[in-house]
Amino acid sequence: MKVAFIHYHLKPGGVTTVLRHQLEVLSEGGEGLVLSGIPPADPVGAPVVTIPALAYDSQGGGGEPADVVADAVEAAIRAHWPAGCDLLHVHNPLLAKNRRLPAVLEALQRRGLRLLLQVHDFAEDGRPQHYTRQPYPADCHYAVVNSRDYRFLRRSGLSERGLHRLPNMIADPPAPAGPPEADTPQVLYPVRAIRRKNIGEAALLSCYFPGDCRLAVTLPPNSERDRALHAAWQAFARSTGLKAVFDVGLHRDFGSLLAGARFILTTSIMEGFGFSFLEPWAAGKLVWGRRLPEICRDFESRGVSLGHLYNRLDVPLGWIAPEAFEARWRASVRNVCRSFGLTPAPAEVRAAFEHITRNGQVDFGLLDEDAQRQVIARVHAERPAARRLAAANPFLQNPGRVPDAGELVRRNRAAVLAGYNRAAYRGRLVDTYRRVIGTTVRQRVDKAVLLAAFLDLKAFGLLKWGAHDA
């Protein structure tokens, strides 16, 4: 089986990790070739051909006519395999980071290439800056990494024969390169500190850690906007005296940080697959923090127990200057809807705001950074406020404490290794490839239906929608 892969870049990150895993398992009886807009810094396990027109528009891609780019793609494939490939596996093509890519894919379809489009992230899911109104590629196969996305795409017009579930593989955890941190016990949040990772909530939780324990966030973000937000959190943590340190992964190997952690934290408000809910268990570490129901249900259906995580963190509306918050929330709704070409009815907007602030409470994960800092400063400075918040959210009283934690870790580790191991992943991937090669489909995505599935004003939060990653 000969598979050519396309991705905008091969920088370290979630999609590149998935692509590496696919190349790894494909090598057991198949061959892979990678076509990327930017050359990789490190080998990926297969030959790589750099085609600059496939990069992000902001990095020089998208400037050539679609047929010219399709010529380059086809030439690269035939230079490697004179008879061509069995299929072209394209990662994240629905994000308008390269606005000519859909036309390039359509040109390749006309030349007889079979396409599998694997969607990790949707513009409709909190990324309006990466949305266009042009149709998504039709009459090709799609793959998604979770059941929510599968359900939404089925609702939007894709057929069961042309849509495939392809949950990711969990690799073996890294071995420590040295001894664990010995100076200060740490709760590790192993992420790049981008906005959707909800760093403010991790900072709030640190106010409830035992006296000798601190929050450790591993890596800084890459984008300019997220770097500014990250710097603001660092300055706030210093000025407030929070038990939090940042960028620890720049100075210590990840295996050692993982080995030395008391437990692993997650406060993310938005995930594609949700590695953070699985990988720590495989390393024998407890995961604690915010549960994302529509992501976690997949893992729970495979025997991973996540019932000890919390679904929301309620704060009194009066703590965040409610009128100013409502004005920012309504402005964000208007801006986002305008980005998608929508005009919501005033009554719908009013009902949605009343829903998210019912009983005089609002979920901390729906707030923007300014409001989050107001809450943290109050909790950190005022012991009665800290007690009041913990009374409303009892999980704050003992962060990371779970009955029979050792048994929970043992059972969840076994479930993760059984459901998301290399052999299971290879079976799913090869079966998907065979279906793509053997089945011609006629289908297209109704973008209006897809957007309606993702854009729920009754769950509209400023952290997700109020400003956008670069």
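Helices (H or I, at least four residues) and strands (E, at least two) are here DSSP runs, numbered from the N terminus. The model is a predicted one.

Q: Where does N359 lie?
A: The phi angle of N359 is near 60°, a positive value in a residue other than glycine. With a relative accessibility of 72%, N359 counts as exposed. Its place in the chain is the loop between helix 11 (346-356) and strand 14 (361-363).

Q: Is A321 buried, partly exposed or exposed?
A: A321 also has a positive phi in a residue other than glycine, near 55°, and it lies in the loop between strand 13 (314-316) and helix 10 (322-339). Buried means under 20% relative accessible area and exposed over 50%. Because its relative accessible area is 39%, A321 is partly exposed.

Q: What arc do the buried residues of helix 2 cover around the axis?
A: In helix 2, the buried residues are A66, V69, A70, V73, A76 and I77. An α-helix has 3.6 residues a turn, so residues three or four places apart point the same way.

Q: How many residues of the contact of helix 4 with helix 16 are charged?
A: The axes of helix 4 (residues 147-155) and helix 16 (residues 447-454) come within 8 Å and cross at roughly 145°, in a right-handed crossing. From helix 4, R148, D149, F152, L153 and R155 meet V449, L450, A453 and F454 of helix 16. Of these contact residues, six are nonpolar, none is polar, and the number that are charged is three.

Key
Residues numbered from 1 in each chain as written. Predicted model: local features only at pLDDT ≥ 70, side-chain atom pairs only at ≥ 80, totals over all residues. Heavy atoms only, no water. Buried < 20%, exposed > 50% of the residue type's maximum accessible area, 1.4 Å probe, protein only. Axes fitted to C-alpha atoms, helices over the stretch in contact; angles between N-to-C directions. Left-handed = near helix turned anticlockwise from the far one by under 90°. Contact = heavy atoms within 4.5 Å. Nonpolar A, V, L, I, M, F, W, Y, C, P; charged D, E, K, R; others polar.
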